[in-house]
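Here is a short briefing for someone meeting this structure for the first time. Please look over the sequence and the model, and then read the notes grouped by topic.

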Amino acid sequence: MLSRTAESLYWLARYVERAEYLARTIEATLRATALPDAYVGKSNEWESALLTAGIDDIFYKFHEEANERTVVDFLSFSLDNPSSIRNCIENARLNSRSVRTALTSEMWDTINGAWIELHAAWPKGAKTREDLTKFLRFVQETSLRFDGSAYRTMLRNDAYWFSRLGLHLERADNTARILDVKYHVLLPEEEHVGGPLDYYQWTSILRSVSALTAYHWVYRETLKPWLIADLLILNESLPRSLASCYGNLVRNLDQIGVAYGRQGAAQRHARGVRNRLEHAHMDDLFQRGLHEFIQEFIADNARLGDTISKQYLI
Amino acid sequence: MAVAFDEMNGPGGALRSAYHELSLWLKETPPDALEYRRQEAELLFRRIGITFAVYGEAESTERLIPFDVIPRILSGKEWTTMEKGLKQRVKALNMFLSDIYHSRDILRAKIIPDDLIFQNPVFRPEMNGQDVPHDVYVHIAGIDIVRVDSENFYVLEDNARTPSGVSYMLENREIMMRLFPDLFARHRVAPVENYPDELLAALRSVAPLTSKAEPTVALLTPGIYNSAYYEHSFLADKLGVELVEGRDLIVKNDEVFMRTTEGLKRVDVIYRRVDDDFLDPLTFRPDSVLGVPGLMSAYIAGNVTLANAVGTGIADDKAVYSYMPDIVKFYLGEEPILKNVPTYRCREPKDLSYVLDNLKDLVVKEVHGSGGYGMLIGPASTKDAIEAFRAKLLKEPEGFIAQPTLALSTCPTCTASGLAPRHVDLRPFVLTGKNHVTVVPGGLTRVALKEGSLVVNSSQGGGTKDTWILE
């Protein structure tokens, strides 16, 4: 297939995944800020939402203060923020248009329909909190539909695999970023363990990756920081964990390698990252430094993106 | 202006036979049911994303072309004649182009003045003496036809560069069949859905002689911001070929390749929807980023076929148009089956003075204009507009032609106040391959939605209709 087609499919999936993740982050932050200070501390949750999205630099070019109004608008609707949900949907549609021939009609319908709805229902952003909640739901449903229609209707060929690569790479990045911003609340010695502050911070981490229920199913325990880290980093059964994303990345890259009859740097690099995750233990990670580990992972993940680009997309 | 011929209710209001069933059906169908279907059709168009881009409008850069649910119907007999005329005309166009870029018999015979060709900006000296596979220049032609009475069809314009609109012909039919299955059950409508197959066959048949195995065909688009981008992606999809942009292609050793995830792949035939000027920055406009550096040298080397060929613009130039009857006679020795609209060449002093004296009754067009821009419709213009145009005409007479205002035929159309006659034209698409010329029975009917308006261009607010050829 055309390199440009593969690239658009890959980015299309990334944008849709990113939009969903941003919607989840906003939702989790709204919940956290609704609690009294005694439960969440004085930390500015909106600031940390900016940090997880990795757009704090550009935010402060346009706003002085990170509060609910400014951050929600910047993350959701702002045209100044290249990764706002609105821009993600716009970009997803641009990419879809340029590769219409590679999409199934269900996928196109989902993206084009969402784009039409976005312009019809939220031309100027959300007016009330209720409206915002509706918007966030709409974004998550769009992502679910898109993912579902891709899963159900696409041929299992390189077009599918490249779009999955985009999805898993973006997902791994998102999970890692949450951990990176919140790693200090996962560090047992820094705060009084088990206090209400930690508890709600942890809940909010799990909510933002939609893993609160999963946690209870897997561990059947009260929330414990090392178990949360274990779930999000090493547990392959959680679809948003780093380990699960890399299992999928390795598999999709292998499928491409087999179809094309050759492997390359991308395959090798993905396998390397997966092997490190497979052989890691939570105790070691905490010992060696969770923050350093996650930082390294984010860099490795970005490097995989570059390698895939060089090998296939340019 | 004379009262226009109505295609359904002929002269004196006598129902014409091709519309018999439709008229019965319209009587049975309540107006609100029609309106409901119209809205449904619009929703379908929007969801499928059948849009065209409008240049220079910041707000709504993608617009729907209004779709009218009342089909335009032609009888099998009318079509047979038209089809013959179209094939004849396109054959002559191809022979003319071959001649102009080779021996130039028609110039030596003094049928067309030399300067009309050599001083024409769309004439491509790069193509002098250049052979193209099987001598086909215009692989895809869109011939605009208007009707003035029950007998007479006139060719209004020959589109021999990159004619668009065929996706509407196909999608209009799909949507009509979805919305009005009962109406189709009552008619025998000739199918158009084989158009993409015919097009692909035509394109493959003109592959360069250096093609090794199965020729690889690609469709070259300027990209998603082009007004006809939807059509490009639609056609690539139906043809099952890659939709490429300039940046996807690369020329090496005079061969064209596309960049794929598995490396470079040779391309043999390019159905290009990019104009000559933007094809290759090394040969044409150096500032263009739409094209492919080196494409022309691969073309000249005979390693890639471009459809339509480079330089076909000289055949659909509005000044050359006026010579089409002579061109048909010269190359085929036949009388043209399809008539030309009587045309005044403002470059000729006698014609110019007539045109200047009768501006208020004439349509004056720029020789190189398209899309309904840069024209004067005398009867619908103000005095000031006419005077302004007179100045333009005097300054550069050779840039204009003029035609009498035709009473274009009308066809019943849904309007805010019920069914009403609106002016229509028709663009059938003629395909030329190695050994044959084909036309699928139908075309794009464009309709002027404003009462009395003669402007059917989509860029000027015109709409479209499904076109039925009865068997």
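Domain bounds, as used here, come from an automatic or database domain assignment. With those bounds, the C-alpha centres of domain 1 of chain B and domain 2 of chain B lie 31 Å apart. This is a predicted model, in which local features need pLDDT of at least 70 and side-chain atom pairs count only at pLDDT 80 or more, while totals for chains, interfaces and linings use all residues. Residues are numbered from 1 along each chain as its sequence is written, chains are lettered from A and ligands numbered from 1 in the order in which they are written, and side-chain values use heavy atoms, with hydrogens and water left out.

**Domains of chain B**

- The assignment for chain B gives domain 1 as 83-139 + 198-332 and domain 2 as 342-404.
- Twelve residues from domain 1 of chain B and twelve residues from domain 2 of chain B take part in their contact, where contact means heavy atoms within 4.5 Å.
- Between them, these two domains of chain B bury about 900 Å², with 51% of it on carbon and sulfur atoms; buried area is the accessible area (1.4 Å probe) that two parts lose on being put together, summed over both.

**Chain A against chain B**

**A helix pair in chain A**

- Helix H14 (residues 265-278) of chain A packs with helix H16 (residues 290-313) of chain A at an angle of about 160°, their axes being 8 Å apart; axes are lines fitted to C-alpha atoms, for helices over the stretch in contact, and angles run from 0 to 180 degrees between N-to-C directions.
- Helices (H or I, at least four residues) and strands (E, at least two) are DSSP runs, numbered from the N terminus.
- The angle of about 160° makes H14(A) roughly antiparallel to H16(A), since angles under 35 degrees count as roughly parallel, over 145 as roughly antiparallel, 65 to 115 as roughly perpendicular and the rest as oblique.
- Residues of H14(A), including A:His269 and A:Val273, meet residues of H16(A), among them A:Phe297 and A:Leu304.
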